[in-house]
Amino acid sequence: MTRELTCIGCPMGCELTVEVENGAAVSVTGNTCKIGENYAKSEISAPVRAVTTTALTAEGVPVPVKTAGNVPKDKIFEVVDHIKRTKITLPVKLGTVILENAAGTGVPVIATKTVG
Ligand code: SF4
């Protein structure tokens, strides 16, 4: 089986063709560098993403946040839901950890802007 992917490793967006056998990538073509090959292999076996969203204070003030690392792709909605259920107290500084363990992934969520 063949999968077509667009590499998200840099703005070049190389179009990757991945040969998949038994749920694993056995060859990757179309990549310009090793990042593309690693991305394709990860995307086939265990896709992950960083999550960027907005959290709210109890008063409804928006605070931009992101996960401090990648989380499994199938956990993204749970992570966003956990962030939405977390009420933040101002002031918040850039880099403040607002969640230690987003949706049980072990990945913290941090503020990406100073607010308040
Ligand atoms: S394969 Fe390399 S050059 Fe191509 S988009 Fe991915 S990171 Fe960029």
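A: Ala55 has Val63 of strand E6 as its bridge partner; strands (E) are DSSP runs of at least two residues, numbered from the N terminus. This is a predicted model, in which local features need pLDDT of at least 70, side-chain atom pairs count only at pLDDT 80 or more, and totals for chains, interfaces and linings use all residues. Residues are numbered from 1 along each chain as its sequence is written.

E6 covers residues 62-67, and strand E5 covers residues 52-57. E5 and E6 run antiparallel and are joined by five bridges, where pairing requires that DSSP find at least two bridges between two strands. Together they form a hairpin with four residues between them. In that turn, Gly60 has a positive phi of about 90 degrees.

E6 also pairs with strand E10 (residues 109-111), again in the antiparallel sense, over three bridges. Here Thr67 stands opposite Val109 of E10.

The side chains of E6 alternate along the strand. Val63, Val65 and Thr67 point to one face and are buried, a residue being buried if 20 or more other C-beta atoms, placed from the backbone, lie within 10 Å of its own.

As for the wider setting, the domain assignment, which is automatic or from a database, gives domain 1 (2-46) and domain 2 (52-111) for the protein chain. The C-alpha centres of domain 1 and domain 2 lie 29 Å apart.

Key
Buried ≥ 20, exposed ≤ 12 C-beta atoms within 10 Å, placed from the backbone.
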